[in-house]
Amino acid sequence: MPRIPTNSKLRGWAILPLVAIPAIPLRDLYELLGINGQDAWLATTASLALLCTVVHLANSALDSRDNRPTEREFEFHIADLCRRDGLLAVQVAPDANVKAYLPNGSLVLIRCGPTDHEARPLDLHHFIGTAHHEHHADIPVFVTIHGFTTEARQFARHHGIVLLDQPRLGQWQQGHGLTTLVGTTH
C-alpha cells in the first residue's frame with residue numbers, strides 16, 4: 001500500500017524546544033539535590049535521553065495511526081491493483097467498492113472491508129447479498145487489512161466468498177495476480 005505522506009518530520013523538529021528548554025532547569029534541580037558538576041550534566045543528559053525516547057515512541061505511534069489509509073484510499077488502491085492485473089472496466093462503486101471483469105467476462109466484486117477491526121460475519125452478510133442478488137457476481141472477494149474472525153471465515157467458506165487478509169493483500173501488492181490469489185483461496 002502506498003505510504004501516505006505525513007508531517008511527522010515537522011512534528012519532530014517542533015518538539016526540539018520542548019526537549020532543550022528543560023535542560024537548564026533540570027541541571028539546576030540536580031545541583032539543588034546535591035548532584036554537582038559533571039554528575040549533574042550526566043543526570044540531565046540521561047533525563048533528556050529518556051524524554052527523547054518517550055517523544056520518539058509517541059511520534060511513532062502517531063505515524064502508525066496516520067499511515068492507515070482511509071476507506072476511500074483503500075478502495076482506490078484495490079482498484080489500481082485490479083487495473084495492474086489486467087481486469088477490465090474497473091470502477092469504484094458505492095455499494096461494493098470495486099467492480100471489475102476478468103478477461104473471460106467473469107464479474108469480480110470486491111468489498112474493501114473495515115480498516116479498523118477484524119471483519120465479522122455481519123460485514124460479510126451484507127456483502128454477499130449485494131454480490132449475488134444485485135450484481136450477480138461470479139467471484140465475490142472481501143479484502144481487509146485486519147483479518148477475519150473464525151466465524152467470518154466459516155461464513156465465507158459456506159457462501160463462496162474469497163477472503164484476502166493482510167498476508168494475501170501483501171502478495172497481491174508484490175505482483176501475484178488476483179486470479180492466482182482467488183484460485184488459491186477456494
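1. Where is the place of Val90? Val90 has its place in strand E1, strands (E, at least two residues) and helices (H or I, at least four) being DSSP runs that are numbered from the N terminus. The model is a predicted one, in which local features need pLDDT of at least 70 and side-chain atom pairs count only at pLDDT 80 or more, while totals for chains, interfaces and linings use all residues. Residues are numbered from 1 along each chain as its sequence is written, and side-chain values use heavy atoms, with hydrogens and water left out.

2. On the chain as a whole: the protein chain holds 8 helices and 5 strands, and from the N terminus on its elements run α-α-α-α-β-β-β-α-β-α-β-α-α. Of its 186 residues, 39% count as buried, a word that here means under 20% relative accessible area, with exposed meaning over 50% and partly exposed lying in between, for a 1.4 Å probe and protein chains only. If one takes the contacts (heavy atoms within 4.5 Å) between residues at least 6 apart in sequence, 54% of them join residues at least 24 apart.

3. On the sheet: the 5 strands form an open sheet in the order E1-E2-E3-E4-E5, with mixed pairing, where two strands pair if DSSP finds at least two bridges between them. E1 and strand E5 (162–164) stand at the edges, each with a single partner strand, and therefore one side of each has no neighbour in the sheet. Neighbouring strands of this sheet are turned by 20° against each other on average, direction ignored.

4. On the pairing around E2: strand E1 (residues 88–93) pairs with E2 in the antiparallel sense over 4 bridges, and Gln91 has Lys99 in E2 as its bridge partner. E2 is also joined by 4 bridges to strand E3 (residues 107–112), again running antiparallel, with Val98 standing opposite Ile110 in E3. These two strands, E2 and E3, form a hairpin with 5 residues between them, and Gly105 in the turn has a positive phi of about 95°. Strand E2 (residues 97–101) is mostly covered, since 4 of its 5 residues are buried.

5. On the parallel pair: strand E4 (residues 139–143) pairs with E5 in the parallel sense over 3 bridges, and here Phe142 stands opposite Leu163 in E5.

6. Leaving aside neighbours within four places in sequence, Val90 is in contact with Ala79, Cys82, Arg83, Val98, Lys99 and Ala100. Val90 and Tyr101 are 11 residues apart in sequence and lie 7.1 Å apart in space, C-alpha to C-alpha.

7. On a helix pair: the axes of helix H5 (residues 121–134) and helix H6 (residues 150–159) come within 9 Å and cross at roughly 20°, the axes being lines fitted to C-alpha atoms, for helices over the stretch in contact, with angles from 0 to 180 degrees between N-to-C directions. H5 and H6 are therefore roughly parallel to each other, as angles under 35 degrees count as roughly parallel, over 145 as roughly antiparallel, 65 to 115 as roughly perpendicular and the rest as oblique. In H5, Pro121, Leu124, His125, Ile128 and His132 meet Glu151, Ala152, Phe155, Ala156 and His159 in H6. The residues of this contact of H5 with H6 divide into 6 nonpolar, 3 polar and 1 charged, where Ala, Val, Leu, Ile, Met, Phe, Trp, Tyr, Cys and Pro count as nonpolar, Asp, Glu, Lys and Arg as charged, and the others, Gly among them, as polar.
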